[in-house]
Amino acid sequence: MWNAEQPFMIPLEPYLEKVYHAITGKSYTSFNFVQGVTPLSTVPEVAATCVIYLITIFGGQYLMKNRKPFKLEFLFKVHNLFLTFISASLLFLIAENIIPIMWNEGLYGSVCNQSSWTQRLELLYYLNYLTKYYELIDTIFLVLKKKKLEFLHYYHHSLTMVLCFTQLVGSTAVSWVPIVLNLCVHVFMYYYYYRATAGVRIWWKKYLTTMQITQFVLDLGFVYFCTYNYLAFNFFPMVPHVGNCSGTVGAALFGCALLSSYLVLFISFFRKTYKKPVSKPKQN
């Protein structure tokens with residue numbers, strides 16, 4: 001019989017415990033995100049990473065200008081297969097923790113109650129944040145292969161890392177929604193890149209961008225709802241609202257602004273990439 005406290009029948013956290021202990025020598029239950037103490041938990045570290053990232057990719061483009069592109073098929077396949085595995089692992093681990101919370105506290109409680117920000121989820125959110133640093137290698141591959149760098153690509157890669165940082169600092173309970181949706185998309189996206197590198201034609205490539213657009217629409221629905229309730233409860237109690245939502249003003253407003261910009265940019269990219277030009281009628 002299905003049990004919400006153990007939604008996948010087989011508990012996954014013992015595997016996380018083994019991996020975490022093997023790497024750190026500590027139990028995963030000892031983790032606590034402390035700004036200024038935990039690695040990569042300060043504004044200067046995040047800002048420096050963004051600057052180094054931009055210098056590296058544009059400097060790399062300049063250095064590659066008169067060079068032949070590197071092949072790198074094997075490394076690219078390993079890179080994408082690794083990210084497919086990591087994304088799927090984090091997705092199931094977060095789901096294993098979120099499903100019982102949703103079952104016991106409801107959807108509203110899972111995105112707004114402070115109790116929904118648990119120690120285990122904080123660790124998983126932090127691990128997801130660390131993957132955003134590794135994902136910057138995506139752009140390095142593009143540079144070395146002399147592929148075109150779209151503004152959307154490096155804007156999204158660098159600022160998603162910043163977004164994850166702000167939500168960790170703000171302890172926003174709704175974090176699981178954009179993270180889970182993003183991980184779902186990444187499982188398909190990195191698997192697509194892995195298969196495409198092997199020369200396989202993937203018929204659902206076009207739908208990846210559709211998935212990303214759907215992701216941001218859902219993200220914004222939840223984030224706007226939580227931000228509205230937070231602001232109404234704390235600053236404008238006279239307006240109708242459901243209740244308070246955990247987090248900080250800065251984290252909420254930054255999340256709303258950035259996710260809104262993502263939606264606009266991905267819709268623009270979709271229209272530019274996949275919309276067929278209108279054929280002009282032939283003149284006699």
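Q: At what angle do helix α4 and α7 pack, and how far apart are their axes?
A: Two packed helices are described by the angle between their axes and the distance between the axes. Here helix α4 (residues 119–134) packs against α7 at an angle of about 50°, and the axes are 12 Å apart. That makes α4 oblique to α7. Under 35 degrees counts as roughly parallel, over 145 as roughly antiparallel, 65 to 115 as roughly perpendicular, and the rest as oblique. The axes are lines fitted to C-alpha atoms, for helices over the stretch in contact, and angles run from 0 to 180 degrees between N-to-C directions. Helices are DSSP runs of H or I with at least four residues, numbered from the N terminus. This is a predicted model: local features need pLDDT of at least 70, side-chain atom pairs count only at pLDDT 80 or more, and totals for chains, interfaces and linings use all residues. Residues are numbered from 1 along each chain as its sequence is written, and side-chain values use heavy atoms, with hydrogens and water left out.

Q: Is the crossing of α4 and α7 left-handed or right-handed?
A: A crossing is left-handed if the near helix is turned anticlockwise from the far one by less than a right angle, and right-handed if clockwise. The crossing of α4 and α7 is left-handed.

Q: Which residues in α4 and α7 meet?
A: Contact means heavy atoms within 4.5 Å. From α4 come Tyr125, Asn128 and Lys132; from α7 come Trp176, Ile179, Asn182, Leu183 and His186. By class, this contact has 4 nonpolar, 3 polar and 1 charged residues. Ala, Val, Leu, Ile, Met, Phe, Trp, Tyr, Cys and Pro count as nonpolar, Asp, Glu, Lys and Arg as charged, and the others, Gly among them, as polar.

Q: How do I read the axes of helix α7 and helix α8?
A: The axes of α7 (residues 176–197) and α8 (residues 205–235) come within 9 Å and cross at roughly 175°. That makes α7 roughly antiparallel to α8. The residues of their contact divide into 12 nonpolar, 3 polar and 2 charged. Among them are Leu181, Val185 and Phe188 in α7, and Leu208, Met211 and Phe222 in α8.

Q: Is threonine 139 buried or exposed?
A: Buried means under 20% relative accessible area, exposed over 50%, partly exposed in between (1.4 Å probe, protein chains only). Threonine 139 lies in helix α5 (residues 137–144). Its relative accessibility is 0%, so threonine 139 counts as buried. Asp138, Phe141 and Val143 are also among the buried residues of α5. What covers them includes α2, α3 (73–112), α6 (151–170) and α7.

Q: With which side chain does threonine 139 make a polar contact?
A: A polar contact is a pair of N or O atoms within 3.5 Å; within protein, one must be able to donate a hydrogen and the other to accept it, and residues adjacent in sequence count only if both atoms are side-chain atoms. The partner of threonine 139 is the side chain of tyrosine 53, at 2.6 Å.

Q: Where is phi positive in a residue other than glycine?
A: Most residues other than glycine have a negative phi. Methionine 9 has phi near 65° and sits in the segment before α1 (13–24). Leucine 40 has phi near 60° and sits in the loop between α1 and α2 (43–63). Lysine 146, which follows α5, has a positive phi near 55°.

Notes:
Helix = DSSP H or I, 4+ residues; strand = E, 2+ residues; numbered from the N terminus.
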